[in-house]
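Let's take a look at how parts of this protein chain touch each other. Keep the 3D view open while you read.

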Amino acid sequence: MANLPLGVALSGGTAKSVAHVGVLKALALAGIPISYITGTSGGSMVAAMYASGMPVSSLESVATTMSWRKLVTIRLTRLGFISSQRIEEFVEDLIGPLTFADLKVPCAIPATNLVTGERRLFREGSVARAVRASCSIPQIYLPVEIDGEYYVDGGLSEYLPIDALRELGCAFTVGSNLAPVDLRYRRPHHILHLVVQVTGLMARMNSVASVGRADVVVHTNLDEFSSFDFDHSERMIELAYDTTMRGLDDLRASWNRKSGFWGRLAGRIRGGVP
């Protein structure tokens, strides 16, 4: 009996989001196909690259050479002081001006409407623009205007986009969660740290429910690293890879159980059994 299509949801994580590459690398080496992918905030960037067809090895090369210089442009305004335009340009340089319809793996990216606070799940239009919106931490990055509305960080409405996977039609969901393991926040040392911690507190409120709705969660402990730390990308990827590999047996068992249940249910329905 064939397994159910498997989807992976990549949480936010700012610079720590590079660790998601380790999860994808472990699944690829284990021969586990990914049929759907979603990503929030920094995770949306990794999800978009993977969905475009970029090999995991190339993703790893990109992740280990990341820097803030590639992602920010200082621009003082009343709504923020860093333009996220460079994020959009960075993604387009890597995958091209793709729309969601062009992607090789079905993908969805949540962002948060700045006025209503509601989540918008981007499934059409420019992929790079959706990534830019999902990554735009309020008070740091300028909000992104799309279709006459302003959007900011997707983590405010869906930090771990499990529901987004379900809306794509995914039946078996794996979440890569980079939220702190130790929930005690450190004293902020500068304004950027303070803003990220406040955003993280808001994201925590919706992430707990998302974790509970996932079939499997890979929770990598990256508490030793800063949210702004691109200097230890290789180590973060390694930790996420090791965490995923340690949980592979449980993942396969859960995947097989759920596939078997749905297979039996489908058989009963075809056979007319109530």
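## Where two helices meet

In this predicted model, helix 1 touches helix 8 through Val21, Gly22, Val23, Lys25, Ala26, Leu27 and Leu29. On the helix 8 side, the partners are Ile237, Ala240, Tyr241, Thr244 and Met245. Sort the residues of this contact by type and you get 9 nonpolar, 2 polar and 1 charged.

## How the helices cross

Two packed helices are described by the angle between their axes and the distance between the axes. Here, the axes of helix 1 (residues 20–29) and helix 8 (residues 233–246) come within 7 Å and cross at roughly 45°. Angles from 65 to 115 degrees would count as roughly perpendicular and those under 35 degrees as roughly parallel, so helix 1 and helix 8 are oblique to each other. Their crossing is right-handed.

## Rings that pair up

How many aromatic pairs turn up in a search of the whole structure? There are 2. One of them joins Phe122 and Tyr151 edge-to-face, with 5.4 Å centre to centre and 80° between the planes. Phe122 sits in strand 6 and Tyr151 in strand 8, so this pair ties together parts that are 29 residues apart in sequence. Phe122 is buried, at 3% relative accessible area, and Tyr151 is buried too, at 4%.

Then there's Phe172 with Trp255: their ring centres are 6.3 Å apart and their planes are at 35°, so the pair is tilted. Phe172 belongs to strand 9 (residues 172–177) and Trp255 to helix 9 (residues 248–270), so parts 83 residues apart in sequence are tied together. Are these two buried or exposed? Both Phe172 and Trp255 are buried.

Note on methods: Residues numbered from 1 in each chain as written. Predicted model: local features only at pLDDT ≥ 70, side-chain atom pairs only at ≥ 80, totals over all residues. Heavy atoms only, no water. Axes fitted to C-alpha atoms, helices over the stretch in contact; angles between N-to-C directions. Helix = DSSP H or I, 4+ residues; strand = E, 2+ residues; numbered from the N terminus. Parallel < 35°, antiparallel > 145°, perpendicular 65-115°, else oblique. Left-handed = near helix turned anticlockwise from the far one by under 90°. Contact = heavy atoms within 4.5 Å. Nonpolar A, V, L, I, M, F, W, Y, C, P; charged D, E, K, R; others polar. Phe/Tyr/Trp six-rings, centres within 6.5 Å; stacked < 30°, edge-to-face > 60°. Buried < 20%, exposed > 50% of the residue type's maximum accessible area, 1.4 Å probe, protein only.
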